[in-house]
Amino acid sequence: MAKLPNIIITGTPGTGKSTHCELLAEATNLKHLSINQVAKDNDCFESYDEELKSWTVDEDKLLDTIEDDVKKGGYIIDWHVCDIFPKSWIDLVVVLRTDNKMLFDRLTARSYSEKKIEENIDAEIMQVILDEARDAYDEEIVIELQSNESEEIDSNVERITAWVEQWKKNNNESED
Ligand SMILES: Nc1ncnc2c1ncn2[C@@H]1O[C@H](COP(=O)(O)OP(=O)(O)O)[C@@H](O)[C@H]1O
């Protein structure tokens, strides 16, 4: 069977991860793996933060749950945490970035608490996730893409799709 790459689409909540992942899954034959959904379906939650109204994920259990599938390749991993996946699983890391004002509007529309909005906006300003991605993976596989306008969604998806096609050519030569 043809080999397929694994891609992480990451970014602060509201930057457009799930929107990009859905379109990318349609454009390629990779599968969208929403880590929030996997954690819910497999009871990978550890503790609940009342103030932030969010769950902490049991990362070991989560990795055990997805390991056999993801190691085969062909997944688009959708999560705001990017640095827990073993380097050997991952071929490309896309970090989505959004202007603070737009991100504020998107998070407000989600009716997040003031504290949760503030924490996320601060994280975006400090480029926390981009730095985590750069620390965890080789520099050349981490790309930063802007996600402010809807036209950018299309061009980002096109660009990543082209990357997938090239990866497939480079990694399945002997099967042609
Ligand atoms: N590049 C963009 N331009 C315009 N709207 C966007 C863009 N990216 C995301 N959105 C909108 O922002 C909201 C959050 O997007 P979503 O994909 O759910 O983000 P995430 O999965 O990162 O939390 C959605 O309403 C989506 O339509």
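A residue counts as buried if 20 or more other C-beta atoms lie within 10 Å of its own, as exposed if 12 or fewer do, and as partly exposed in between, with C-beta atoms placed from the backbone.

## Model and numbering

This is a predicted model, in which local features need pLDDT of at least 70 and side-chain atom pairs count only at pLDDT 80 or more, while totals for chains, interfaces and linings use all residues. Residues are numbered from 1 along each chain as its sequence is written.

## Overall fold

The protein chain holds seven helices and seven strands. Helices (H or I, at least four residues) and strands (E, at least two) are DSSP runs, numbered from the N terminus. In that direction the order of elements is β-α-β-α-β-β-α-β-β-α-α-α-β-α. The radius of gyration is 16 Å, close to the 16 Å that the globule rule gives for 176 residues, so the protein chain is as compact as a globular protein of that length. That radius is taken over C-alpha atoms, and the rule is 2.2 Å times the number of residues to the power 0.38.

Along the principal axes, the C-alpha atoms of the protein chain fill a box of roughly 55 × 35 × 30 Å. Of the 176 residues, 30% are buried. Among contacts (C-beta atoms, placed from the backbone, within 7 Å) between residues at least 6 apart in sequence, 76% join residues at least 24 apart.

## Annotated binding site

An unreviewed UniProt entry carries the annotation "binding site" for Gly14, Gly16, Lys17, Ser18, Thr19 and Arg110. UniProt positions are given in the numbering used here, feature names are shortened, and annotations may be inferred rather than shown by experiment.

Gly14 sits in the loop between strand 1 (7–10) and helix 1 (17–27). It is buried, with 24 other C-beta atoms within 10 Å. Leaving aside residues up to four places away in sequence, Gly14 touches Thr98, Leu103, Arg106, Leu107 and Asn120. Arg110 lies in the loop between helix 4 (100–109) and helix 5 (114–125), and counts as exposed with 10 C-beta neighbours inside 10 Å.

## Helix 5

Helix 5 has twelve residues and reaches 16 Å from its first C-alpha to its last, close to the 16 Å expected at 1.5 Å a residue. The expected span is 1.5 Å times one less than the number of residues. Just after helix 5, Gln127 has a positive phi of about 45 degrees.

Terms used. Contact = placed C-beta atoms within 7 Å.
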